[in-house]
Amino acid sequence: MMRGVGSTNVPAGTDNEPGEPDWLEHSYDAFPRLEEAFNAALAESLQPCGPELLYDLVREMELPSGSSAADIGCGEGTHTYQLAERFQFSVTGIDPLPRHIEIASTALASLAPEVASLVQFAQGAAEGLPIGDATVDLVWCRDVLVHVADLDRAYSEFRRVLRPNGRALVYQMFAGERLEAREADWLWKTMGVVPTSADAARTDATISAAGFRVDKCAM
Ligand SMILES: C[S@@+](CC[C@H](N)C(=O)[O-])C[C@H]1O[C@@H](n2cnc3c(N)ncnc32)[C@H](O)[C@@H]1O
């Protein structure tokens with residue numbers, strides 16, 4: 001990463017690969033002189049938002065308690081419970097992995113009864129949701145869609161299950177311009193990412209094609 005971000009500032013002769021005899025010397029020699037630019041680039045690319053960001057966005061929607069939400073790709077249900085506890089939504093967590101559904105359902109027993117009664121889990125996938133048409137006020141989909149190849153299908157399912165004026169909150173990672181091809185190659189394979197689904201332009205086009213309007217985009 002250091003070489004990727006600061007490559008234009010690295011003095012000649014520092015382009016050695018790790019393991020080559022003089023790599024350590026060159027690397028430590030170069031870094032102090034590109035550290036400031038490196039840190040500036042890092043701060044700019046991260047633009048960190050706090051961990052409450054997504055819940056703040058839900059709060060801004062002003063959906064009344066009792067609204068119906070679907071947590072698509074809920075994993076072990078952490079955010080499914082939170083949506084019920086924080087907003088008193090009636091929430092269905094959906095995930096394709098039976099193990100996730102089992103863990104999430106088992107953990108329901110440890111919740112306060114008034115929260116647990118608002119939550120249910122079902123096995124299913126974004127591309128074919130086990131939810132009726134126009135029954136949901138909020139689709140919450142956190143850190144999932146990079147794993148989904150057929151984004152058109154997923155977004156059209158979101159549209160199908162949402163009531164008129166329903167809202168979708170989708171959070172995901174995208175490839176930025178600083179991501180080098182070889183880094184992407186490693187990262188996508190390691191994380192099980194469908195490369196085309198980490199392309200922001202493609203996602204924008206898919207969102208529009210599904211009939212959604214983007215109200216807010218936060219990074
Ligand atoms: C990184 S985890 C995120 C879990 C949870 N949403 C969270 O924010 O903690 C990705 C989840 O997406 C689920 N997933 C993978 N493919 C999916 C698909 N086609 N439809 C719905 N969920 C999927 C995985 O089983 C996993 O639980």
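Predicted model: local features only at pLDDT ≥ 70, side-chain atom pairs only at ≥ 80, totals over all residues.
Two strands pair if DSSP finds at least two bridges between them.

**View 1. Five strands form an open sheet.** The strands run in the order E3-E2-E1-E4-E5, and their pairing is parallel. The edges belong to E3 (119–123) and E5. Each of these two has a single partner strand, so one side of each is left without a neighbour in the sheet. On average, neighbouring strands are turned by 20° against each other, direction ignored. Strands of a sheet pair through backbone hydrogen bonds, either parallel or antiparallel.

**View 2. Strand E4 pairs with E1.** Strand E1 covers residues 68–72. E1 and E4 run parallel and share three bridges. Look for Ala 70, which stands opposite Val 139 in E4. Helix H7 packs on the sheet here, touching E1, E4 and E5. The direction of H7 makes about 140° with that of E5.

**View 3. Strand E4 also pairs with E5.** E4 spans residues 136–142, and E5 spans residues 162–171. Six bridges join them in the parallel sense. Together, E4, H7 and E5 make a β-α-β unit. This unit is right-handed.

**View 4. Helix H7 crosses helix H9.** H7 takes in residues 151–161, and H9 takes in residues 200–209. Their axes come within 9 Å and cross at roughly 40°. Angles under 35 degrees count as roughly parallel, and 65 to 115 as roughly perpendicular. H7 and H9 are therefore oblique to each other. Their crossing is right-handed. On the H7 side, the contact uses Leu 151, Asp 152 and Tyr 155. On the H9 side, Arg 202, Thr 203, Thr 206 and Ile 207 meet them. The residues of this contact divide into three nonpolar, two polar and two charged.

**View 5. Helix H3 crosses helix H4.** H3 is made of residues 53–61, and H4 of residues 78–87. The two axes come within 12 Å. They cross at roughly 45°, which makes H3 oblique to H4. H3 passes H4 in a right-handed crossing. From H3, the contact takes Tyr 55, Val 58 and Arg 59. From H4, it takes His 79, Gln 82, Leu 83, Arg 86 and Phe 87. Four nonpolar, two polar and two charged residues make up the contact of H3 with H4.

Terms used. Residues numbered from 1 in each chain as written. Heavy atoms only, no water. Axes fitted to C-alpha atoms, helices over the stretch in contact; angles between N-to-C directions. Helix = DSSP H or I, 4+ residues; strand = E, 2+ residues; numbered from the N terminus. Parallel < 35°, antiparallel > 145°, perpendicular 65-115°, else oblique. Left-handed = near helix turned anticlockwise from the far one by under 90°. Contact = heavy atoms within 4.5 Å. Nonpolar A, V, L, I, M, F, W, Y, C, P; charged D, E, K, R; others polar. Right-handed = clockwise from strand over helix to strand, strands pointing away.
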